[in-house]
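Here are my notes on the model, point by point. Please keep the structure open while you read.

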Amino acid sequence: MNELRSLITLPKEEHSSTELPTIGDSLPTPPEVCERITSPPSIRIDMAQTGFNPALARRPQIDTHSIHLETPLDFVPSWTPRRIPIKCIGLTLPEGMEFLPPKKDPASSPKRVACETADTVSSETELLPKTQPPRKVTRIRPPADALSLQDRLFYLLQPPLESWLAGQELIMPFEPFAYQYEGIAWLFASHSALLADEMGLGKTMQTITAIRLLLRSGQARRIVLICPKPLIPNWQREFKTWAEELPVVTVEGNGARRRMLWTMPGIPVLLANYELMARDIAEIPDEEQPKFDLLVLDEAQRIKNRDSRTAEVARSIRRRRSWALTGTPIENRPEELGALFEFIEVIPKNASPDLRQLSKLAKKYILRRTKDLVMKDMPPRIDRDAELEMTDAQESAYRTAEKEGVIQLNELGDSITVQHVFELVLRLKQITNFDPLTGESAKLERLMADMEEIAASGGKAILFSQWTKTIDWLAPHLKDFNPLIYHGGVPSKQREPILARFKQDPDAHILLMSYGTGAVGLNLQFAGYVFLYDRWWNPAIEDQAINRAHRIGVKNPVIVTRFISKNTIEERIDRVLREKRELFQAVLGEGDNENVTLSLNASEIFGLFDLKARHKDGARSIGPNPHFSQRNQTGPPELS
Amino acid sequence: MTGAGIQKADGLRLGFMETMEVDGRGHIGGLLITNQNGRPLEFQCTTPVRPNRTQEILFGETLRPWLLAELIGSTLLDRVAIKPNLIIISDPGLLDLRNHTHIPVACASEARSRLTDECQVVRMGNSVLRFHDAHTIDAESLAKQKHLLPESADLSEPLERVREALTETVRTVFAR
């Protein structure tokens, strides 16, 4: 700065010794002036000869002023880092129940990672791809009715089922199929659920695993499972297989003991049959009524009549979650779904949703998979109808019974009811099985021929009939094949050993079962042959029976043989049922042939003998109403 | 391992931390505490945090580590009742959290990935864990105890859960 000032200020001594010229003084010649003032301030002034030289020659006055650049600034902005306040949203997940781990075979204990010698690896090391190829991951999704953030986060934060069940906390005896993982995840996240997988796809395993996860994750502490009495041993066995660590208590014993079991806290899983449930729950006073986190109804079609005592008691049980399991959510009429929806508490009491509403509810609350969709690699089920000519004795007995029966029916006139016709049908069907007088049977002849072949190849077969009498009659005729009998007349405690022997004894080639006892809940996939000795009224029941053998785990095709006596009532029933099977597909979606299963209604039973349906007492339709049929033109209208 | 270190297997608690940017609202973070098998025990997430313009200018390149690690990460760690023995992240930018806590912080990546930088790594389960350069002792300590985790453990998977939970939180709460 001082240097700058010196540039434009004349040197002091020079300034003092030189007087400034005034007007009138003789001026030095211009070059001199220029010389003096340009050194040291180097200012160049050009003098032009314009006539104003005196003015121009006047020495310019130059002055300076100083600037104090070191003066401090008036404003210094200051800033101190400040922590931004942050709010948090927290969720603590329930601890869940811990169970004693089952005793493990050391050889089969889950593998733990072994320490490697080179624990720490340095950079530039390519880590060997020890990982397995990525598997499909099944995430648990929050249910649509979970509205609060905490509820939704609870489900989103659960690990994928595959890793949850991959031998870390929950040991699985077998690797579930992908669709089973999906079913487990769906059940786990559902408060109201109807699992309606086709028979044989593993509803039991999916339910047990979902129960296991609920208990483990602290979502449930007390669960009750209701099933038909014959299936209690089956559930006990399945729990042992799939959830060995879970304490399962079966409601049994005298009244006092049962009441204690119903009301005693601390039992994670309670198993009971429908009859005991209906009896015991009704007797427990209101203030002592047990409360469950989950109520599961197996074979839930048992409550399809919503006015039945069983259905009412089931609905009265206090619970937070309701699951229904059935392979046949509709056995006869779509309206039966209403009873199941009422149980799982998605429709009000006594509500009667129409077809559109049922369909909407079904999409939301029903999970239904068929073998065709999920088990593409499963060995096929080969159906074949054996249309048999009756023996002469059978033919004669049949024609006589039919002729006399029809005459009697016509004589009844307007007093005829469906019961009268039904009795004739039963009588005729029994004759097609065997002639009661001579014991001749075309079906038995065919069965013997087939069984010789099956036994020779070491195979096993299951035979179904609707009559225990027929089964008992067949047994001695089949003694060469060591038949085993399994029907309602066999005490419950003897049934499991019979099934075990059928599985283990290589000489036991045939199991004779009744539809009522053997159609549901049993795993007999080692049998490669199924015989339907006579036809049930409802193809759904027949399918349930067939699926005892044709289910998960089956390694070979299952051959199903339906015996149908030609030119008899069986042929007519078969034709009507085939037509009806195609009638409805609306409620549970396209491609589902298993639920198109409707029993014969009164009009159809009259139609079997060309009798006109009466509309008086007893002729009440037990099938779908005509209005429903006409709206769904996927088959013929009601037959009459 | 320093500080809390890894304890016995049945007491092992893993923390999985993720952050994400919410359009126009800033960043949020989530911390999931699980047991050694991945079962969730506790979850905390923050509301969106947005630095102001002054902070953006003055923090410069250090803004992101400050925001994610020091602000969001430390807050989450303070808030969880169950303190983890190890914090696993997927964003290397969060490794700076280690400078603000005594708990080891590891960045998980797939075991197949090839690492090129000069850092120490430990393979656990299906993942490779990287540690903060200034805390190499974490890697050595953890390597000695990695057998406490199941071999099949996928340490990246819970981070996906945290991301989904954050997305759900944004969708449910902050999008209103």
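1. Start in helix 4 (residues 157-174) of chain B. B:R161 and B:E157 are four residues apart there, so about one helical turn separates them. Their side chains form a salt bridge, with the closest N and O atoms 2.9 Å apart. Both B:R161 and B:E157 are buried. Keep in mind that this is a predicted model.

2. Now take chain B as a whole. It has four helices and seven strands. Along the sequence the pattern reads β-β-β-α-α-β-β-β-β-α-α. Of the 176 residues in chain B, 61% are buried.

3. A:E395 and A:R399 form a salt bridge at 2.7 Å, N to O. They sit four residues apart in helix 16 (residues 392-412) of chain A, which means about one helical turn lies between them. A:E395 is partly exposed, at 27% relative accessibility. A:R399 is partly exposed too, with a relative accessible area of 29%.

4. Another salt bridge joins the side chains of A:E542 and A:R562, at 3.7 Å, N to O. A:E542 belongs to helix 22 (residues 539-546) of chain A and A:R562 to strand 15 (residues 558-565) of chain A, so the pair ties together parts that are 20 residues apart in sequence. A:E542 has a relative accessible area of 1%, so it counts as buried. A:R562 is buried as well, at 8%.

5. A network of salt bridges links A:R381, A:D383, A:D385, A:R535, A:E542, A:D543, A:R562 and A:D574. How many salt bridges are there over all chains? A search of the whole structure finds 33.

6. Next, the rings. Over all chains there are 13 aromatic pairs. One is A:F154 with A:F188: the centres are 6.4 Å apart and the planes stand at 20°, so this pair is stacked. It links distant parts of the chain, with A:F154 in helix 5 (residues 149-156) of chain A and A:F188 in helix 7 (residues 178-188) of chain A, 34 residues apart. Buried or exposed, what is A:F154? It is buried, at 7% relative accessible area. A:F188 is buried at 0%.

7. A:W262 and A:F292 make an edge-to-face pair, 6.4 Å centre to centre with 75° between the planes. This pair also links distant parts: A:W262 lies in helix 10 (residues 255-263) of chain A, A:F292 in strand 7 (residues 291-297) of chain A, 30 residues apart. A:W262 is buried at 0% relative accessibility. A:F292 is buried at 1%.

8. Ring pairs also build a cluster of A:F154, A:Y155 and A:F188. The charged end of A:K443 sits over the ring of A:Y533, 5.6 Å from its centre. The charged end of A:K460 sits over the ring of A:F502, 5.2 Å from its centre.

9. Look at the open sheet of chain A. Its seven strands follow the order 5-6-4-7-8-3-9, with parallel pairing. Strand 5 (248-250) and strand 9 (366-367) of chain A stand at the edges with a single partner strand each, so one side of each has no neighbour in the sheet. Strand 7 of chain A pairs with strand 8 (residues 318-325) of chain A over six bridges, in the parallel sense. A:L294 stands opposite A:R321 in strand 8 of chain A.

10. Strand 13 (residues 510-514) of chain A deserves a look. Five of its five residues are buried. A:I510, A:L512 and A:S514 are on one side, A:L511 and A:M513 on the other, and both faces are covered. Strand 11 (residues 461-465) of chain A pairs with strand 13 of chain A in the parallel sense over five bridges. There A:A461 stands opposite A:I510. Strand 12 (residues 484-486) of chain A also runs parallel to strand 13 of chain A, joined by three bridges. Here A:Y486 stands opposite A:M513.

11. Last, the surface. A:W79, B:I57 and B:L58 make a nonpolar surface patch of about 310 Å². A:W79 is in the loop between helix 4 (53-57) and strand 1 (88-92) of chain A. At 35% relative accessibility, A:W79 is partly exposed.

Key: Residues are numbered from 1 along each chain as its sequence is written. Chains are lettered from A and ligands numbered from 1 in the order in which they are written. This is a predicted model: local features need pLDDT of at least 70, side-chain atom pairs count only at pLDDT 80 or more; totals for chains, interfaces and linings use all residues. Side-chain values use heavy atoms; hydrogens and water are left out. Patches are made of residues with over 30% relative accessible area and no salt bridge: like charges are joined within 9 Å, nonpolar side chains (Val, Leu, Ile, Met, Phe, Trp, Tyr) within 5 Å. Accessible areas come from the Shrake-Rupley method with a 1.4 Å probe; for residues, only the protein chains shown count as cover. A salt bridge is a side-chain nitrogen of Lys or Arg within 4 Å of a carboxyl oxygen of Asp or Glu. Helices (H or I, at least four residues) and strands (E, at least two) are DSSP runs, numbered from the N terminus. Buried means under 20% relative accessible area, exposed over 50%, partly exposed in between (1.4 Å probe, protein chains only). Rings of Phe, Tyr and Trp (its six-membered ring) pair if their centres lie within 6.5 Å; planes under 30 degrees apart count as stacked, over 60 as edge-to-face and the rest as tilted. A charge sits over a ring if NZ of Lys or CZ of Arg is within 6 Å of the ring centre and within 35 degrees of the ring normal. Two strands pair if DSSP finds at least two bridges between them.
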